[in-house]
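Student: Can we go through this model together? I'd like to start with a helix, then move to a strand and the charged pairs.

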Amino acid sequence: MKISYNWLKEYVDLNMSAEELANKVTLTGIEVDGVIHPDAGLKKIVVGYVESTKPHPDSDHLQLCQVQISPEETVQIVCGAPNVAAGQKVIVALPGSRIANNEKIKKGKLRGEISNGMICALQEIGFSDDVTPQAYADGIYVLPADAEVGQPVYAYLGMDDAILDLEITPNRADALSMRGVAYEVAAIYDEPVHFPAVDLKESEKQASSVLQAKVADPTDAPSYNLRVIENVTIKPSPLWLQRRLWNAGIRPINNVVDITNLIMIDYGQPLHAFDYAKIGGQTIEVRRAQADESLTTLDGNDHDLTTDDIVITNGADVLNLAGVMGGLESEITTETKTVILEAAVFEPTHIRKTAQRFNLRSEASSRFEKGVNTGAVLAALDEAASLMAELADATVLAGRVSPTVLEPKDTVVNVSTQRINQVLGTTISTAEVQAIFVRLGFGVTEADGKFTVSVPARRWDIAIEADLIEEVARLYGYDRLPETLTASASTPGLLTPRQQLIRRLESKLEANGLSQALSYALTTADKAAAFRLTNSEPTSVDWPMTVDHATLRMNLVSGLLDDLAYNAARKQQNVALYEQGRVFLKQHATTVRPHELEYLAGAITGDWQTAAWNQTAQPIDFYQLKGIVEAELAEFNLNEAPEFVATARHSDMHPGRTADILVGSQIVGFLGQIHPRVAKQYRLPATYVFQLDLEQLLGLDSQAVVYQPVPRYPAITRDIALVVNETTTNAALEATIQAHGGAYLTKVQLFDVYAGHHIEAGKKSLAYTLTYQNPADTLTDDQVNDAFAKVVSALQDEHDATIR
């Protein structure tokens, strides 16, 4: 928000520098990004009078102008502006002057003709194209006839002002207006505010005789007010009004549009003006748009509307998007004779969504979505009508057309001196607190240190006790608050059991040689949908930063593969990474917010063991990865042992080297080699990945870890080799051995797998070492042989095994 210091001084008596004021305002809570002096660096730029012009003898576009630069001196200046003409008061940069960008103007010759300076456009003395009036966008600026020749131009153009650039936070939208800032500054310096009274003169003709209005749903427009102004003359605004607009960063258009913008800056109340002749009737209706309706806005763009958009209509056709932007068909033009002036309060959420959906963020929509002063809506409307009567030679019809009106009410909040001092750690007296509330313009009553504060509608950001405490802190002075912390009970920070488990999982992965990676949660739709554990609908952002960051991830593996590809492109071939983070899943496309689930994933490519003088390189394989995953699953101490089941259901994984991880019938993850097609896309060699659903694992039944003393008695081993069908899994055989091995079987170790010569086709040989140990006594051969015999019998019966 750009605030004119000269304008501000009309509302509050101030005698300090703009920089001092900016520092004080910043210290009380509203940051001032900087103070801009428009005339900084400029010199010797004066008002000139063009006495005559004639064509340059050696140019088809240059003019030789005789320009009076003081009552006693007339000089020749060569000018190429298409709109230069005799009788104009213009901006003249004299020889030796400095214009924008510190450019020095010298006396010189243009195609053989002497030029004693330069006739300037606004842009050449520092104005931006965004604020230069359209009529002078491609030429010089013409000053009013009463400008005094030879005088500096800065005061005429408002360049002798200081502009405070305020950074307004969303909670202080009351400061998005000159009057809001005036109240703030007046409270800081304990000065009164004085606003000029509105002198509105109405005709005897009633506005209701030419216009009716209705609001379909009062919650969409709780306050909707119209005035009718007839006999309007559209023309440029006076210079004082243009100055205020361009110092606020707004381009002057014409007197009617400029007045609506001026009131918006002054009151913070956006207004809109319709051409009465173009609305197509005598009715204005506020309603929701219908699904098949569209509107061409003032910027010339067409928009297909939805039922979430609040629109202004003539009862049938849409005229404009309420609170966002007017329609092209009803805009004010030079032919406009009767104006309908609108001042309203619209439901902020719908205004924000409409502006966002159509990318039509405007000064008006920004104010409506943050809130406006409901106590100033009618005053703003009346002052705008009064200015139109004055500056457009118009007639204001009697009365307003107001189908809905909001009665502004004070917000009553209670607070006590004791509570304020407790929170701030201060010893502010009751009298000081009361004085602060009075300076803020709040109604206040006090009894025994307890305050009842009536907050006017212009400060709609204050609703609870904490808000009042903040106001006291701001005006008392943050720099005066004690620097020590207030006394309070301390709470030691501890990790929850869930956090401790995740830390252990990460530590074990790092101990196994994996490094942690952090991937962005937003990715492409294809990468988000790959490597999923379960089916899920995608969650896409409405306004993605790039097409590569449009969808929330549903897996962690894609991000890790991106990281591996990044390393591989830089000749780092042996990389092992893991990531613990959240994925975003939802079962139905209509669900707004997805479920956030904790996952753990890893990805390894290249050699697991590098070559050295005493060892050969060992590339990563399925079994190495399986061992890492088993070590992770051991941390959960599950009642039921995890099972690895070969699967081909993952389209992005190798169909012959992938396994689902099951606990009971519940799939909690998968591991294996990525599909060669995927590896080719990422330009990676053979790469192995795993992904675990921590939410499911944490929800499974677990057993307590019980310490077992180191056995004092020796163990006995037995080896067994058996031939089984090649479809029989090691897990199934180990389960049978464990089930029938007896109380003293402590370990089952697979030490050989063979298929080929001397083994029947479709069969394979597996060899196991079984370890038996009694922690309380020495085992005998008879005890071990009996237990071993039961294992052999069970393997033969359940798996049709042949003992070798």
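**Helix, strand and salt bridges**

Tutor: Helix H3, residues 178–189, has twelve residues and reaches 16 Å from its first C-alpha to its last, close to the 16 Å expected at 1.5 Å a residue. Keep in mind that this is a predicted model.

Student: How many of the residues in H3 are buried?

Tutor: Ten of the twelve, so H3 counts as mostly covered, given that buried means under 20% relative accessible area. Among the buried residues are Met 178, Arg 179, Glu 184 and Ile 188.

Student: Switching to E22. Which residues of E22 are buried on each side?

Tutor: Val 339, Leu 341, Ala 343 and Val 345 are buried on one side, and Ile 340, Glu 342 and Ala 344 on the other. That is seven of seven residues in the strand, which spans 339–345.

Student: Why two sets like that?

Tutor: Because side chains in a regular strand alternate between the two faces of the sheet.

Student: How many bridges join E14 to E22?

Tutor: Seven, and E14 (residues 223–230) runs antiparallel to E22. Within that pairing, Arg 227 stands opposite Leu 341.

Student: And how many join E15 to E22?

Tutor: Five, again with the strands antiparallel; E15 covers residues 271–275. Phe 274 has Ile 340 of E22 as its bridge partner.

Student: Now charges. How many salt bridges are in the whole structure?

Tutor: A search finds 34. One of them pairs Lys 201 with Asp 199, with the closest N and O atoms 2.7 Å apart.

Student: Is Lys 201 buried or exposed?

Tutor: Exposed, because its relative accessibility is 57% and the cut-off for exposed is over 50%.

Student: What about Asp 660, which residue does its side chain meet in a salt bridge?

Tutor: Arg 649, at 2.7 Å from N to O. The pair links distant parts of the chain, eleven residues apart: Asp 660 is in strand E36, and Arg 649 is in the loop between E35 and E36. Asp 660 is buried at 5% relative accessible area, whereas Arg 649 is partly exposed at 42%.

Student: Where do Asp 781 and Arg 718 sit?

Tutor: Their side chains meet in a salt bridge at 3.7 Å, N to O. Asp 781 is in helix H19 and Arg 718 in strand E39, 63 residues apart. Asp 781 is partly exposed, with a relative accessible area of 48%.

Student: Which residues do shared partners join into one network?

Tutor: Arg 172, Asp 174, Glu 184, Arg 459, Asp 461, Glu 471 and Arg 474. Glu 184 is also one of the buried residues in H3.

How values were computed: Residues are numbered from 1 along each chain as its sequence is written. This is a predicted model: local features need pLDDT of at least 70, side-chain atom pairs count only at pLDDT 80 or more; totals for chains, interfaces and linings use all residues. Side-chain values use heavy atoms; hydrogens and water are left out. Buried means under 20% relative accessible area, exposed over 50%, partly exposed in between (1.4 Å probe, protein chains only). Helices (H or I, at least four residues) and strands (E, at least two) are DSSP runs, numbered from the N terminus. Two strands pair if DSSP finds at least two bridges between them. The expected span of a helix is 1.5 Å times one less than its number of residues. A salt bridge is a side-chain nitrogen of Lys or Arg within 4 Å of a carboxyl oxygen of Asp or Glu.
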